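Here are some exercises to work through with the model open beside you. Try each task yourself, then compare your steps with the solution.

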Amino acid sequence: MKNFTIPTAATVSPANQAIFEKLQQGLGMVPNLYATLAHSEHALGNYLTLQNGKSSLSPKEREVINLVVSQVNECAYCLAAHTALGGMVGFTPEQIISIRKGSAPFDTKLDALARLVKSATERRGHATPALVDGFFAAGYTEGQLADTVMVIGDKIITNYLHALTQVPVDFPAAPAL
């Protein structure tokens, strides 16, 4: 398989250089997967616009989706990144493991979300109807379902990019399940 180079600020377009600078200031680094998007003149900016868009979902809910989708898609890069981010939004290591397995027994609303996302991801959008009903019964709205699909799509983008490029993971590895 082709080895993908990790672009640096010196090798990307001026627009991507500006994004690299903002990432460096905000995160203290430019994650390898983000840098890989900068092979394209537009992909990194477009992706960050999607990822940072407004949502009716809380940061914790978004991390539930990110962790579940990344586990289903077996993305070591995104699992590492979102295990770190999951801790930053307040999940314990044990809760993160449960979420990665597709449930959140410690919170009924997050549990309904995790179960729906796992089914939708495994079944390419065709979640089990009972899980869709459970999502709404837990108090989620139709708008939140649309936002859930947006976050699933966001995570599939980076899961697939890592699967196709195998760029090195630059976050601490997620524990094995």
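**Exercise 1.** Find the helix that holds both Asp111 and Arg115, and say how many residues apart they lie.

*Solution.* Step 1: Asp111 and Arg115 both belong to helix H7, where a helix is a DSSP run of H or I with at least four residues, numbered from the N terminus. Step 2: they are four residues apart, about one turn of the helix. Step 3: Asp111 forms a salt bridge with Arg115, their closest N and O atoms being 2.8 Å apart. The rule for a salt bridge asks for a side-chain nitrogen of Lys or Arg within 4 Å of a carboxyl oxygen of Asp or Glu. Step 4: searching the whole structure gives three salt bridges.

A note before you go on: this is a predicted model, in which local features need pLDDT of at least 70 and side-chain atom pairs count only at pLDDT 80 or more, while totals for chains, interfaces and linings use all residues. Residues are numbered from 1 along each chain as its sequence is written, and side-chain values use heavy atoms, leaving out hydrogens and water.

**Exercise 2.** Describe how domain 1 and domain 2 meet.

*Solution.* Step 3: eight residues of domain 1 are in contact (heavy atoms within 4.5 Å) with 11 residues of domain 2. Step 4: the two domains bury about 850 Å² between them, 72% of it on carbon and sulfur atoms. Buried area is the accessible area (1.4 Å probe) that two parts lose on being put together, summed over both. Step 5: of the area that domain 1 buries against domain 2, Leu33, Tyr47 and Leu50 supply 63%. Step 6: look for salt bridges across this interface, and the rule finds zero.

**Exercise 3.** Which helix gives the most to the lining of the largest pocket?

*Solution.* Step 1: a pocket is an open set of points on a 1 Å grid over the protein atoms alone where a 1.4 Å probe fits, with protein on both sides within 12 Å along at least five of seven lines; lining residues have an atom within 4 Å of a point. Step 3: its lining has 27 residues, with Tyr34, Gln51, Glu63, His82 and Leu85 nearest the centre. Step 4: H5 gives the most to this lining, seven residues. Step 5: domain 1 and domain 2 each provide at least three residues of the lining.

**Exercise 4.** Give the volume of the second largest pocket and its main contributor.

*Solution.* Step 1: the volume is about 240 Å³. Step 2: H9 gives the most to its lining, with seven residues.

Key
Helices (H or I, at least four residues) and strands (E, at least two) are DSSP runs, numbered from the N terminus. Domain bounds come from an automatic or database domain assignment. Grid points are joined across faces, edges and corners, and a volume is the space filled by probe spheres set on the points.
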